[in-house]
Amino acid sequence: MSATEAFPLNSWYAAAWSHEIGRELSARTVCGKNVVLYRRTDGEVAALEDACWHRLLPLSLGHLKGDDVMCGYHGLVFNSAGRCTYMPAQKTINPSACVRAYPLAERHRLVWLWPGDPALADPAKIPDFHWNDGTEWVGEGGTFYQLKCDYRLVIDNLMDLTHETYVHAGSIGDETITAVPFEVTHTRDTATMTRWMIDIDPPPYWARQLGRPGRVDRWQIVTFQTPSVIVGDVGVALTGTGAPQGDRSQGVNGAFLAAITPATDTTCHYFWNFVRNYRKDDAELTRELQLAHVNAGAGVYDQDQRVLEAQQAAIDNNPRSPFYDLNIDAGALWARRLIDQMLAAERAGAVANVAAE
Amino acid sequence: MSATEAFPLNSWYAAAWSHEIGRELSARTVCGKNVVLYRRTDGEVAALEDACWHRLLPLSLGHLKGDDVMCGYHGLVFNSAGRCTYMPAQKTINPSACVRAYPLAERHRLVWLWPGDPALADPAKIPDFHWNDGTEWVGEGGTFYQLKCDYRLVIDNLMDLTHETYVHAGSIGDETITAVPFEVTHTRDTATMTRWMIDIDPPPYWARQLGRPGRVDRWQIVTFQTPSVIVGDVGVALTGTGAPQGDRSQGVNGAFLAAITPATDTTCHYFWNFVRNYRKDDAELTRELQLAHVNAGAGVYDQDQRVLEAQQAAIDNNPRSPFYDLNIDAGALWARRLIDQMLAAERAGAVANVAAE
Amino acid sequence: MSATEAFPLNSWYAAAWSHEIGRELSARTVCGKNVVLYRRTDGEVAALEDACWHRLLPLSLGHLKGDDVMCGYHGLVFNSAGRCTYMPAQKTINPSACVRAYPLAERHRLVWLWPGDPALADPAKIPDFHWNDGTEWVGEGGTFYQLKCDYRLVIDNLMDLTHETYVHAGSIGDETITAVPFEVTHTRDTATMTRWMIDIDPPPYWARQLGRPGRVDRWQIVTFQTPSVIVGDVGVALTGTGAPQGDRSQGVNGAFLAAITPATDTTCHYFWNFVRNYRKDDAELTRELQLAHVNAGAGVYDQDQRVLEAQQAAIDNNPRSPFYDLNIDAGALWARRLIDQMLAAERAGAVANVAAE
């Protein structure tokens with residue numbers, strides 16, 4: 001599987017949390033590109049190819065000099081557009097001396113990077129991730145940097161929540177999820193899996209969140225946006241109070257957020273958050289929910305990590321190439337189909353560009 | 001060197017000690033196949049391909065559900081024949097949904113697995129390893145799992161005991177072994193190296209076992225059974241009491257036992273034991289003999305491990321392909337020749353099967 | 001990049017410090033060859049191929065038997081010329097049984113090894129490294145064994161001292177180095193970079209060495225000898241006292257010494273020393289200068305190590321094959337050109353030898 005087949009390049013990918021990028025040099029690998037990220041004095045973020053034009057030393061081993069980056073080996077300086085502005089011991093700067101600069105945008109508390117053709121980097125194409133803004137919804141997430149699996153395995157995981165029954169038994173998973181049917185819809189660039197579990201006993205996690213006795217209607221409405229963002233609208237409300245018809249006032253509503261960024265063909269960065277729109281000022285609850293997801297191996301996403309990395313290792317070792325699919329995979333299959341369409345379009349565009357030259 | 005060239009598949013290989021397989025899932029790699037082993041409620045052992053039909057997650061990360069294995073990701077269940085008996089969220093089970101089940105047999109305190117064509121898995125072909133039964137002979141061995149060498153290097157090692165002089169100087173090795181000639185005989189599926197050292201001073205180890213002063217006759221009769229089991233009949237008896245003619249009553253007799261199972265082309269599992277037919281109730285002696293062989297790096301097999309793994313590393317790094325042989329290699333060479341004949345027959349059979357289709 | 005392209009084989013390379021080789025077996029990898037080094041009873045050093053003729057076990061795992069090496073597996077013995085002198089259990093020794101013996105020479109407190117054609121191993125070709133003798137100049141260096149970079153990256157590093165400004169700011173590096181021009185000259189087998197900084201404020205390190213106030217003339221005269229030895233004549237003298245004209249009496253003079261030995265294509269051994277011809281009896285100063293260079297990560301060579309290994313990792317990951325060059329690279333480029341000429345001559349010689357047969 002080559003890099004060009006595994007992920008579209010002409011897309012925005014989360015590269016860092018905004019708060020992580022300051023007046024230090026931060027290295028990341030995004031879609032196979034090594035980049036160095038930093039914040040300029042005017043507050044804007046910048047991203048350069050993380051290899052000096054001269055001798056390839058990672059620029060992230062150098063240091064900031066104002067808004068520019070100075071290489072830590074021979075002192076070449078590059079501005080945030082990637083142009084070399086200083087060479088040691090010579091007055092004339094080779095006009096071709098530059099490193100690649102990557103389009104960046106900050107939105108929804110994340111820094112998004114466009115690894116493909118800069119001319120196509122339209123900020124309007126940044127995925128809708130407003131649940132992460134910290135306003136209407138609150139929560140504190142984190143990142144699995146260098147998660148050892150193909151980013152699409154994370155998508156598979158989140159688009160099919162029947163796995164909760166088996167991977168997360170005892171917290172958010174129970175047999176009901178598997179027993180109840182779901183439906184999948186899609187648009188040109190989204191796929192949505194919807195499951196309503198009517199009149200059920202809430203699983204332990206949601207019973208605690210609801211804080212009231214009684215049977216509930218539980219929903220899972222998971223939307224994939226190409227190529228790798230997922231928002232899962234989840235919650236429970238007391239049965240008979242109208243949640244399926246749109247009245248969630250007698251319930252609690254959360255959303256799991258995932259921006260999954262390919263690092264290489266078999267590693268990715270998984271930016272996650274779990275947000276809610278109730279008890280928004282309860283910092284202790286925020287912390288509790290964070291630890292429920294990631295907590296030194298004991299959180300539900302820690303459980304997923306073990307499964308995802310074991311699955312990737314099995315794929316690497318197994319010559320049996322195609323997966324076999326079940327009904328439960330319908331959501332994931334649509335997500336993958338949309339990714340494949342992007343990849344095909346990107347290849348066709350590349351061909352068209354070559355033909356036009 | 002491809003897997004098909006390195007080891008015959010249509011053979012029984014030790015996969016575990018019987019006592020290791022219970023109501024837990026145990027993962028092993030045997031001849032390049034990842035398998036999960038467990039014991040059913042009726043006491044029978046079972047072995048399945050260690051990769052779920054659906055998404056390849058190792059089944060060994062799941063758990064037992066009665067006599068079946070449930071995958072830890074999406075809950076698919078497979079019975080001990082490998083057939084899927086449950087799929088989440090769907091009533092119809094794809095009739096082709098199954099994982100491979102491997103023929104198993106328990107004998108001589110070991111679990112033997114047949115990685116090749118199940119139709120050929122005849123229990124009568126299990127190697128004769130009755131010395132390991134714990135009845136006529138006693139001893140407690142162990143396993144070097146994932147020993148980092150080609151299984152044939154262990155065979156080379158055990159079929160040529162002159163290495164004792166150099167690797168195990170001071171315990172079982174002395175110059176006499178090297179000085180005395182040996183003979184090698186063979187059948188269609190065995191090779192035997194026989195050495196008698198007549199009227200010698202016993203080396204320290206055997207002097208202790210004999211517990212009587214005096215010169216001895218020492219014997220080493222090492223028999224290889226294809227493809228990878230070795231039994232070494234060893235001992236000493238007072239000189240002149242008729243041991244070479246068959247009367248071992250004035251001596252002590254032990255046997256080193258080895259069942260060597262290829263894991264990959266360059267790793268193997270080495271099931272070993274050292275048994276004796278004297279002082280059989282002496283538990284302290286049993287423990288002492290076990291520690292003489294493997295003891296946190298200080299036992300004689302620990303010494304062999306260092307040599308074998310260094311030898312494999314040297315082979316990996318050295319483009320000089322053929323070994324040079326000495327007279328002492330005659331036993332090992334016959335063992336390898338018999339293995340090569342099995343491999344040739346297996347390839348010819350594969351070709352014949354194709355032709356017959 | 002294959003081994004034959006990366007480094008000439010018909011050259012002397014430092015393999016060890018003399019004091020490191022005694023009556024123990026020492027393993028080294030030099031130009032892709034695994035060798036075992038030891039000192040004979042007559043005080044001469046010897047080097048053999050580190051793989052037994054019989055079964056490839058590293059001879060360095062065996063032990064010395066007088067002036068010979070006994071293999072730790074089956075006891076074969078090889079004399080210091082590489083000829084097998086003992087085989088277990090057989091009287092006739094295969095006349096072809098030998099391992100390769102490498103020409104060695106001890107000079108300048110180092111053991112030099114010739115990995116190529118022994119017939120060409122002329123001791124007159126050992127590089128001039130007399131600064132390391134411990135007589136006229138004093139200093140205690142060390143070795144970066146298995147430095148994780150192509151040996152030529154170390155040459156690049158030392159032939160262009162502008163890097164001091166950026167890598168070693170605050171000790172030996174300052175902006176003056178970069179500002180002042182230099183010149184490069186060369187012969188058939190040397191390249192020399194000369195830089196004089198006239199009437200400058202000495203950087204902190206040299207101010208301390210000089211021990212007198214005042215402005216100085218500073219020199220850096222770095223000479224490369226093919227294929228991988230560098231001597232850097234460096235120092236400062238009070239301005240106006242005639243140093244540029246040859247009178248260094250009012251200054252302090254040191255020399256950095258480097259013998260860089262390829263281990264593999266991407267690793268090397270870097271034998272270094274920093275010597276001086278002033279305050280030669282001051283053991284505390286000797287120790288201080290040693291720690292200034294290598295000191296648990298805090299010395300100037302430790303800083304270089306980080307840069308060199310990061311550069312090699314970047315090269316390994318970066319498909320952009322050619323380096324871009326600056327004016328400052330003139331010295332390194334000449335050194336590499338001389339190496340390339342040696343490589344071309346070696347290849348031509350190999351072709352001529354084949355033709356002559």
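**Exercise 1. Describe the contact between chain B and chain C.**

Solution. In this predicted model, where local features need pLDDT of at least 70, side-chain atom pairs count only at pLDDT 80 or more, and totals for chains, interfaces and linings use all residues, 17 residues of chain B are in contact with 16 residues of chain C, contact being defined by C-beta atoms, placed from the backbone, that lie within 7 Å. Residues are numbered from 1 along each chain as its sequence is written, while chains are lettered from A and ligands numbered from 1 in the order in which they are written.

Two or more residues come from each of α3 (163-167) and α7 (300-317) of chain B, and α7(B) gives the most, with 5 residues. By class, this side of chain B has 10 nonpolar, 7 polar and no charged residues, where Ala, Val, Leu, Ile, Met, Phe, Trp, Tyr, Cys and Pro count as nonpolar, Asp, Glu, Lys and Arg as charged, and the others, Gly among them, as polar.

**Exercise 2. Determine how chains B and C are related.**

Solution. After least-squares superposition on the C-alpha atoms of residues with pLDDT of at least 70 in both copies, chain B can be laid on chain C with an RMSD of 0.1 Å by a turn of 120° and a shift of 0.2 Å along the axis. The two copies are therefore related as by a three-fold rotation axis. In chain B, the C-alpha nearest that axis belongs to B:D316, at 13 Å from it.

**Exercise 3. Work out the strand order and the edges of the open sheet in chain A.**

Solution. The sheet is formed by 4 strands in the order β5-β6-β7-β8, with antiparallel pairing; two strands pair if DSSP finds at least two bridges between them. At the edges stand β5 (63-65) and β8 (84-86) of chain A, each with a single partner strand, so one side of each is left without a neighbour in the sheet. Strand β7 (residues 77-78) of chain A pairs with β8(A) over 2 bridges, and A:V77 has A:Y86 in β8(A) as its bridge partner.

How values were computed:
Contact = placed C-beta atoms within 7 Å.
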